[in-house]
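Visitor: I have a structure open and would like to learn how to read it. Can we go feature by feature?

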Amino acid sequence: QVQLVESGGGLVQAGGSLRLSCAASGATACISAMGWYRQTPGKERELVAAITRGGSTNYVDSVKGRFTISRDNAKNTLYLQMNSLKPEDTAMYYCNADLVTILTMGCYGMDYWGKGTLVTVSS
């Protein structure tokens with residue numbers, strides 16, 4: 001029902017900034033919360049930041065004060081502004097969309113994932 005495509009990853013020096021984008025298409029009216037996750041080899045995927053349709057946000061402690069998640073519902077796009085990047089932020093970053101079940105709208109609850117965008121922070 002939903003397709004997600006991330007962009008904006010790349011190589012940056014410690015202390016630098018990047019902005020990730022996630023373009024959603026398909027049944028975007030069914031999307032409730034969205035979030036950014038990251039994963040490195042040998043580690044479980046962790047939630048970095050999440051945002052509701054209404055704009056409420058939540059962050060993992062390690063990125064508070066440095067990262068900002070936002071969304072443009074009209075453009076069906078999710079963003080993650082990353083400032084003061086650290087080498088430990090290096091990971092594959094994935095966009096996630098949580099769909100709700102609303103039968104009258106043809107919405108069926110399910111999680112969707114993008115293929116990821118790689119962020120590498122050098123020291």
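Visitor: Numbering the bonded cysteines in sequence order, what is the pairing?

Guide: Keep in mind that this is a predicted model. Number the bonded cysteines of the protein along the sequence, and the pairing reads 1-3, 2-4.

Visitor: How many disulfides does the structure hold?

Guide: Two. A disulfide is called when two cysteine sulfur atoms lie within 2.5 Å. Cysteine 22 and cysteine 95 pass, with their sulfur atoms 2.0 Å apart. Cysteine 30 and cysteine 107 pass as well, with sulfur atoms 2.0 Å apart.

Visitor: Which parts of the chain does the link of cysteine 22 and cysteine 95 tie together?

Guide: Find the element that holds each cysteine. Cysteine 22 sits in strand β3 (residues 18-26) and cysteine 95 in strand β9 (residues 91-99), so the bond ties together parts 73 residues apart in sequence.

Visitor: And where do cysteine 30 and cysteine 107 lie?

Guide: In loops. The sulfur atoms of cysteine 30 and cysteine 107 are 2.0 Å apart. Cysteine 30 is in the loop between β3 and β4 (31-39), and cysteine 107 is in the loop between β9 and β10 (110-113). This pair links distant parts of the chain, 77 residues apart.

Visitor: Is the link of cysteine 22 and cysteine 95 left-handed or right-handed?

Guide: Read the angle about the S-S bond. For cysteine 22 and cysteine 95 the angle is -80 degrees, and the link is left-handed. For cysteine 30 and cysteine 107 the angle is -75 degrees, and that link is left-handed.

Visitor: Is cysteine 30 buried or exposed?

Guide: Buried means under 20% relative accessible area. Cysteine 30 is at 4%, so it counts as buried. Cysteine 107 is at 0%, also buried. Cysteine 22 is buried at 0%, and cysteine 95 is buried at 0%.

Visitor: Next, the strands. What is the order of the strands in the open sheet?

Guide: Follow the pairing from strand to strand. The open sheet has four strands in the order β1-β3-β8-β7, with antiparallel pairing. Its edge strands are β1 (2-7) and β7, each pairing on one side only. On average, neighbouring strands of this sheet are turned by 15 degrees against each other, direction ignored.

Visitor: How many bridges join β3 and β8?

Guide: Six, in the antiparallel sense.

Visitor: What about strand β7 (residues 67-72) and β8: how many bridges join them?

Guide: Six again, and these strands run antiparallel. Serine 70 has tyrosine 79 as its bridge partner in β8. Threonine 68 has glutamine 81. β7 and β8 form a hairpin, with four residues between them. In the turn, asparagine 76 has a positive phi of about 55 degrees.

Visitor: How many residues of strand β8 (residues 77-82) are buried?

Guide: Five of its six, which leaves the strand mostly covered.

Visitor: Last, a loop. Where does proline 87 lie?

Guide: In the loop between β8 and β9. Proline 87 is partly exposed, with a relative accessible area of 35%.

Visitor: Which residues is proline 87 in contact with, leaving aside its neighbours within four places in sequence?

Guide: Ala14, Val121 and Ser123. Proline 87 and glycine 15 are 72 residues apart along the chain, and their C-alpha atoms are separated by 9.1 Å.

Notes
Residues are numbered from 1 along each chain as its sequence is written. This is a predicted model: local features need pLDDT of at least 70, side-chain atom pairs count only at pLDDT 80 or more; totals for chains, interfaces and linings use all residues. Side-chain values use heavy atoms; hydrogens and water are left out. Helices (H or I, at least four residues) and strands (E, at least two) are DSSP runs, numbered from the N terminus. Buried means under 20% relative accessible area, exposed over 50%, partly exposed in between (1.4 Å probe, protein chains only). Two strands pair if DSSP finds at least two bridges between them. Axes are lines fitted to C-alpha atoms, for helices over the stretch in contact, and angles run from 0 to 180 degrees between N-to-C directions. Contact means heavy atoms within 4.5 Å.
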